Amino acid sequence: QVQLVESGGGLVQAGGSLSLSCAASGRTFSSKTMAWFRQAPGKEREFVAAISWCGGSTYYEDSVKGRFTISRDNAKKTVYLQMNSLKPEDTGVYYCAAQTGWPSGKIDYWGQGTQVTVSS
């Protein structure tokens, strides 16, 4: 069992930065691919970024490449999403997920989400 708790969301102006964290509990964190998803109002949840179990590989949705960076610290059981050059279209609830498979796969666990709002 893995429990995921996101933090770090908030309100920021376009062009600004935010850093999200996802703290995990459970013994299987270090063996899981970890990912970030987001859901804008009225839209389906979409993939943002993923990182392999050891952190050696990352994968990004095209619209965030060069602006977002996913990383992890297995000793701290935490995955991060550094978001720079934010745009209003990045607004949404950001969810952390633990999955089986790379770079996509079966989502085993979801966090509760953290709101990110980018004002123009």
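## A linked network

Salt bridges link Arg38, Glu46, Arg67 and Asp90 in a network. A salt bridge here is a side-chain nitrogen of Lys or Arg within 4 Å of a carboxyl oxygen of Asp or Glu. The structure holds six salt bridges.

This is a predicted model, where local features need pLDDT of at least 70, side-chain atom pairs count only at pLDDT 80 or more, and totals for chains, interfaces and linings use all residues. Residues are numbered from 1 along each chain as its sequence is written, and side-chain values use heavy atoms, with hydrogens and water left out.

## Arg38 and Glu46

The side chains of Arg38 and Glu46 pair at 2.7 Å, N to O. Arg38 is buried, at 6% relative accessibility. Glu46 is partly exposed, at 35%. Buried means under 20% relative accessible area, exposed over 50%, and partly exposed in between (1.4 Å probe, protein chains only).

## Asp90 and Arg67

Asp90 and Arg67 form a salt bridge of 2.8 Å, N to O. Asp90 sits in the loop between β8 (78–83) and β9 (92–100), and Arg67 in the loop between β6 (58–60) and β7 (68–73), so the pair ties together parts that are 23 residues apart in sequence. Strands are DSSP runs (E, at least two residues), numbered from the N terminus. Both Asp90 and Arg67 are buried.

## Asp62 and Lys65

Another salt bridge joins the side chains of Asp62 and Lys65 (3.0 Å, N to O). Asp62 is exposed, with a relative accessible area of 59%. Lys65 counts as partly exposed, at 48% relative accessibility.

Key. Helix = DSSP H or I, 4+ residues; strand = E, 2+ residues; numbered from the N terminus.
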